[in-house]
Amino acid sequence: KCLMEAQLRKVAEKRDIIMQLRALEKAPRSRVALLDPTDAPDHGLLEGMPLVELKERLAVAKRRAKEEEERQRAVNLSGRQARDTMLLDKAANIQRIRQIAAVQAEQRRTAAKQATSHDA
């Protein structure tokens, strides 16, 4: 009789454990995927890189783009300054030529006046 009761308890205990396991299997699980930023997902080309490396490459690319933009701005500024200097030189040259032409015209007028006054 004791042996039978012990077996019944074992069977009841096994059934209880089996019911608990089935209940756990049927219970909805929270499927939160933990992301390891240093682990590569192995899906494709750039997607195969770890998140940390992708962030580093993005930072390097942004820094290079900024440096290139600053270099291009410096080139544009120096070109603009050279063009402004050239235009100022041309303006000064034109002003000098106009002054020389004005002096020569005045000399021609005075020479023409003197020539007409001597003839008369």
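Leu24 is found in helix 1 (residues 2-26). Helices here are DSSP runs of H or I with at least four residues, strands are E runs of at least two, and both are numbered from the N terminus. The model is predicted, so local features need pLDDT of at least 70 and side-chain atom pairs count only at pLDDT 80 or more, while totals for chains, interfaces and linings use all residues. Residues are numbered from 1 along each chain as its sequence is written, and side-chain values use heavy atoms, with hydrogens and water left out.

Leu24 has a relative accessible area of 62% and therefore counts as exposed. The cut-offs are under 20% for buried and over 50% for exposed, with partly exposed in between (1.4 Å probe, protein chains only). Together with Ile17 and Leu21, Leu24 makes a nonpolar surface patch of about 300 Å². Patch residues have over 30% relative accessible area and no salt bridge; nonpolar side chains (Val, Leu, Ile, Met, Phe, Trp, Tyr) are joined within 5 Å, like charges within 9 Å. Areas come from the Shrake-Rupley method with a 1.4 Å probe, and for residues only the protein chains shown count as cover.

The chain has two helices and zero strands. Of its 120 residues, 3% are buried. The chain exposes about 11,700 Å². Carbon and sulfur atoms supply 58% of that area.

Three salt bridges are present (a side-chain nitrogen of Lys or Arg within 4 Å of a carboxyl oxygen of Asp or Glu). Side chains of opposite charge can pair when their charged atoms come close.

Arg71 is partly exposed, at 43% relative accessibility. Glu68 is also partly exposed, at 39%.

Glu69 forms a salt bridge with Arg73. Here the closest N and O atoms are 2.7 Å apart. The two residues sit in helix 2, four residues apart, again about one turn. Glu69 is partly exposed, with a relative accessible area of 41%, whereas Arg73 is exposed, at 56%.

Glu106 pairs with Arg109 in a salt bridge whose closest N and O atoms are 3.0 Å apart. Because Glu106 and Arg109 are three residues apart in helix 2, about one helical turn separates them. Glu106 has a relative accessible area of 40% and is partly exposed. Arg109, at 47%, is partly exposed as well.
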